[in-house]
Amino acid sequence: MYPLVYSQLDYRFYDLSCPRLPMIVGVNVWAAVRNDTRMAASLLRLHFHDCIVDGCDASVLLDDKEDFKGEKNAFPNKNSLRGYEVIDNIKADVERFCPSTVSCVDILALAVREAVILSGGPFWPVLLGRRDGTTASQKSANEQIPSPSESLKDITAKFTSKGLDLKDVVVLSGGHTIGFAQCTTFKRRLFDFKGSGNPDPSLDSSMLSNLQSICPNGDASNTNLAPLDSTTSLMFDNSYYTNVVNKTGLLESDQALLDDPRAAALVNYYSNNPYIFSNDFAASMVKLGNVGILTGQNGEIRNKCGSVNL
């Protein structure tokens, strides 16, 4: 059975109060992705980093203030999380037509689905009626967001603490079929894997030399970008799993999926079954979007996504 909070969400939550909402979100996301093809992946990551830290409550969108340290400048987010302005623009448009009605967290959930669809990925139904959190925690973000250098066991523990499971880890890792990562997130695989002084032996040798040219050893290359899916970096497909099977996954956490027999079996399965991956990705996104949500009288409907209401 679903927990009780689900009963307060509804696919048609805004049908009467803000009928233009789907169109406003769709047009804005289309324009943002047309302007910057990376934006689809950036919005997906923004949603994940919101939901995996104390639940989906748009806390990741709150700006730091003198007396408040939120999630934007937490280690996993600082100078790497993107797409805030896309959500802010949608919110501004929505406020013109339906003031104080639609939460920032619902806007983000809808925007992510549009971004994935525009990249060739699946549709999934988005339940609506979540409310925005009134606080955020830099400490929580530092502790709860999985790191690319963590073991699969530790990453899975972070997922299970949110009501997700190992299958969701494998499926949502498939979101790395689009987007780019900064060299700093995988550089130790290229030069000094786990303090060995040598590259990661599980990384394909031609991929290794290609990545070493993108990310020369030294801090100057830390913000250089490499595609998470080296075959079809802008297309949402199942080639991420083929890459992992072929030892051309980019992040340690991608390649680590083969360390567990259950995860490895799923990786192999998805590499051969694109439609089943699409269906399972849609199902895991529904689960992710319902982690730790606020409904009813809890939270608020923010007027601006970067700050709580006064």
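Tutor: Gladly! Let us begin with Cys183 and Cys215: the torsion about their S-S bond is about -75°, so this disulfide is left-handed. The pair links distant parts of the chain, 32 residues apart. Cys183 sits in the loop between strand S1 (180-182) and helix H8 (187-191), while Cys215 sits in the loop between helix H9 (205-214) and strand S2 (225-227).

Student: What kind of model is this, and how are residues numbered?

Tutor: This is a predicted model, in which local features need pLDDT of at least 70 and side-chain atom pairs count only at pLDDT 80 or more, whereas totals for chains, interfaces and linings use all residues. Residues are numbered from 1 along each chain as its sequence is written, and side-chain values use heavy atoms, with hydrogens and water left out.

Student: What makes Cys183 and Cys215 a disulfide?

Tutor: A disulfide is a pair of cysteine sulfur atoms within 2.5 Å. For Cys183 and Cys215 the distance from S to S is 2.0 Å, so the pair meets the rule. By this rule the count comes to four disulfides.

Student: Which pattern do the disulfides follow?

Tutor: Counting bonded cysteines along the chain, the pattern is 1-4, 2-3, 5-8, 6-7.

Student: How do you know whether Cys51 is buried or exposed?

Tutor: Buried means under 20% relative accessible area, exposed means over 50%, and partly exposed lies in between (1.4 Å probe, protein chains only). Cys51 has 0% relative accessibility, so Cys51 counts as buried. Cys56 is buried too, because its relative accessible area is 0%.

Student: What does the disulfide of Cys104 and Cys305 tie together?

Tutor: Cys104 and Cys305 are joined with 2.1 Å from S to S, and the link is left-handed, with -95° about the S-S bond. Cys104 lies in helix H4 (residues 104-118) and Cys305 in the segment after helix H13 (274-288), so the pair ties together parts that are 201 residues apart in sequence. Cys305 has a relative accessible area of 1%, so Cys305 is buried.

Student: How many helices and strands does the chain have?

Tutor: The protein chain has 13 helices and two strands. Helices (H or I, at least four residues) and strands (E, at least two) are DSSP runs, numbered from the N terminus.

Student: Why does the radius of gyration of the chain agree with a compact globule?

Tutor: The radius of gyration is taken over C-alpha atoms, and the globule rule is 2.2 Å times the number of residues to the power 0.38. With 310 residues, the rule gives a value near 19 Å, and the chain has 19 Å, so the two agree. Of the 310 residues, 54% count as buried.

Student: Why is Arg189 called buried?

Tutor: Arg189 lies in helix H8, and its relative accessibility is 0%, so Arg189 counts as buried.

Student: Which residues does Arg189 touch?

Tutor: Contact means heavy atoms within 4.5 Å. Not counting residues up to four places away in sequence, the residues that Arg189 touches include Pro199, Asp200, Leu208, Gly249 and Glu252.
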